[in-house]
Amino acid sequence: MSKGKSDIQIDSEIIDGIREGDNLAIEQLYQIHFPPIAQMIVNNRGSREEAQDIFQETVMVLYSKINDGDFVLSSKLQTFLYSVSKRLWLKHLTRGEAKYHKDPIDDYGESLAAEEAIVDHEVIEERLLLVESSLNGLGEPCRTILYDFYIQGKSMTDICEKFGYTNADNAKTQKYKCLQRLKKVFFKVVNSY
Amino acid sequence: MKDLNEQDFLDWADAYLREELSEEEKRQFEAYCEANLVHKELLEWHRTFVGDLKKADARANFKRDLIRIGQGYGKSYQPKSTTKVISLWDKLKLNAAVAAAIAIVSVFSTLWLTGYYKNLKKTTSDYSALRRDMNTVKRNVNAQNAAIQNIHNTKDNAKETMHYGATGFMITKNGYVVTNYHVITGADSVHLQNHKGESFKANIVFTNPEKDLAILHINDSTFKSIKSIPYTFKKQDSDMGEDVYTIGFPRDEAVYGQGYLSSSTGYAGDTLAYQISIPVNPGNSGGPLLDKEGNVIGIISGKQKGLDGAAFAIKTKALMETLNSIPADSLNGKNVVLNNKNLLHNLSRTDQIKKLQDYIYIVKVY
């Protein structure tokens with residue numbers, strides 16, 4: 001049983017690493033969990049490149065789940081990743097065909113959990129990609145001002161210096177205008193759906 | 001502190017969210033939000049939006065790292081991907097081998113079962129051997145009558161033997177006769193009959209299926225050794241255009257046929273035969289082919305189907321080779337000594353034939 005325990009330890013180490021954006025955790029994830037998933041995909045009419053894509057998508061699903069708040073691993077990490085990959089690959093294969101194609105010998109509970117995780121991930125991914133693309137679509141100097149202030153957490157004084165504003169009030173006005181524009185762009189896209 | 005404008009509120013909210021405010025100021029801000037519900041809502045919204053901005057950036061960074069690591073990992077694993085085709089072959093190797101084996105077996109067994117191989121030989125050769133089926137029709141009718149009469153008899157009647165006729169001629173004065181191998185194949189007994197009607201029993205001394213030659217020896221008490229044979233054997237090849245003739249038994253009487261040597265090779269380029277232009281028919285097989293001086297230059301063997309005037313004769317050279325290859329113990333001390341004195345040399349054709357025909361036999365095979 002000591003082996004099983006160390007597995008669980010490795011799993012939680014990886015999860016913590018991913019929450020903190022640790023590259024070592026990603027590498028470990030690749031080394032331990034990529035080969036069986038790649039094998040599964042290659043054995044099911046997939047190429048090595050497609051296996052890479054599916055695995056990365058799977059890791060992003062895991063990432064969404066971990067950063068979604070209180071993530072509790074209900075099974076082994078391998079099981080979770082495997083079933084998510086399987087769902088994703090199945091979806092990839094049945095693209096344009098029946099949307100829900102269920103493998104009859106699938107473990108129902110496991111695949112349901114995987115499906116939920118995928119749907120949650122897709123919702124989060126869509127919103128965040130939209131935020132990102134809206135920010136990137138703003139143009140300079142707005143993008144950098146907002147990026148420095150909100151994401152990097154720099155102070156307004158630093159930003160003033162960087163952009164050469166004469167006083168902090170000017171910078172604040174500029175930041176406010178940029179934020180309003182960002183919201184406008186974001187909502188325009190959201191409402192156009 | 002009543003209505004702040006949106007910009008000022010958001011500045012304040014940013015400071016609050018970034019926890020730059022003192023405890024006192026925090027309480028003030030929270031109190032303000034409680035009092036101003038519009039701004040409270042704006043705060044919540046702003047908090048989510050800023051959170052999303054941070055999350056989006058963190059996610060983008062994570063994804064970039066993931067892809068970078070994945071590429072590095074994919075490179076180190078590259079060799080494995082090249083084995084895909086080989087692994088597919090490994091998987092299907094057994095199936096392919098079994099399928100191929102079944103295909104081969106079924107093709108050849110089908111061909112064999114449908115008699116393709118038997119027909120192949122028949123259909124590809126338009127060479128026709130010239131032995132004569134004697135009384136074919138009569139024999140068939142007799143066999144049928146017998147079958148009808150014996151339809152209730154359980155015991156099988158003795159099978160009617162095959163009966164063929166052809167020609168043969170004497171090669172030595174002590175009773176050796178040559179004919180075609182195809183004439184005597186499957187023979188129970190062989191009888192030779194000359195034009196006077198005398199019949200002698202003969203043994204098969206030697207056969208050469210490749211050259212289609214058979215050497216018989218007359219083994220009959222009524223047969224007396226003759227003084228000499230009037231013709232000789234010409235061992236060299238004869239030339240194209242030479243006048244040749246033959247005597248054979250396409251029916252029960254001797255029939256004379258005359259023509260010329262039309263090619264120095266036989267059927268399908270056979271160098272041990274001539275092509276001759278003489279009307280020959282079933283029964284002519286084994287007859288001597290003579291030139292105008294009365295030398296035997298060949299033995300009539302067959303003709304080509306569907307082609308007029310293309311008959312074939314085996315060269316004397318092939319006969320000599322066959323005679324030389326006879327094992328000594330097959331001869332029972334009676335050596336094959338060929339005649340070398342030509343008695344036909346200066347005779348007219350009719351006189352030649354008169355002298356010749358005593359030595360030409362109808363070969364009857366039972």
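User: How many residues of chain B are in contact with chain A?
Analyst: In this predicted model, 26 residues of chain B are in contact with 24 residues of chain A. Contact here means C-beta atoms, placed from the backbone, within 7 Å.

User: Which elements of chain B give two or more residues to that side?
Analyst: Helix H1 (6–17) and helix H3 (37–76) of chain B. H3(B) has the largest share, 20 residues. Helices are DSSP runs of H or I with at least four residues, strands are runs of E with at least two, and both are numbered from the N terminus.

User: And the numbering and cut-offs?
Analyst: Residues count from 1 along each chain as its sequence is written, with chains lettered from A and ligands numbered from 1 in the order in which they are written. Local features need pLDDT of at least 70 and side-chain atom pairs count only at pLDDT 80 or more, while totals for chains, interfaces and linings use all residues.

User: Back to H1(B): which of its residues are buried?
Analyst: Phe9(B), Leu10(B), Ala13(B) and Tyr16(B). Buried means 20 or more other C-beta atoms within 10 Å of the residue's own, again placed from the backbone.

User: Where do they sit, seen down the axis of H1(B)?
Analyst: They fall within an arc of 115°, so they line one face of the helix. The arc is taken from the directions from the helix axis to the C-beta atoms.

User: What comes after H1(B)?
Analyst: Glu19(B) follows, and its phi is positive, near 55°.

User: Switching topic: what's in the largest nonpolar core?
Analyst: That core has 54 residues, and those with the most contacts inside it include Val177(B), Val244(B) and Ile276(B). A nonpolar core is a set of buried Ala, Val, Leu, Ile, Met, Phe, Trp, Tyr and Cys residues joined through C-beta atoms within 7 Å. Leaving out residues up to four places away in sequence, Val244(B) touches Ile276(B), Leu289(B) and Ile297(B), among others.

User: How much of chain B is buried?
Analyst: 28% of its 366 residues. Its secondary structure comes to 10 helices and 15 strands.

User: Where is confidence lowest and highest in chain B?
Analyst: By pLDDT, the predictor's confidence in each residue from 0 to 100, helix H4 (residues 78–81) of chain B is lowest at a mean of 48, and strand S12 (residues 288–291) of chain B is highest at 92. The mean for chain B is 81, with 90% of its residues at 70 or more.

User: Which residues of chain B stay under 50?
Analyst: Residues 155–160 of chain B do, and the model has 5 contacts for them beyond four places in sequence. Where pLDDT is low, the predicted coordinates should not be read in detail.

Definitions and conventions
Contact = placed C-beta atoms within 7 Å. Buried ≥ 20, exposed ≤ 12 C-beta atoms within 10 Å, placed from the backbone.
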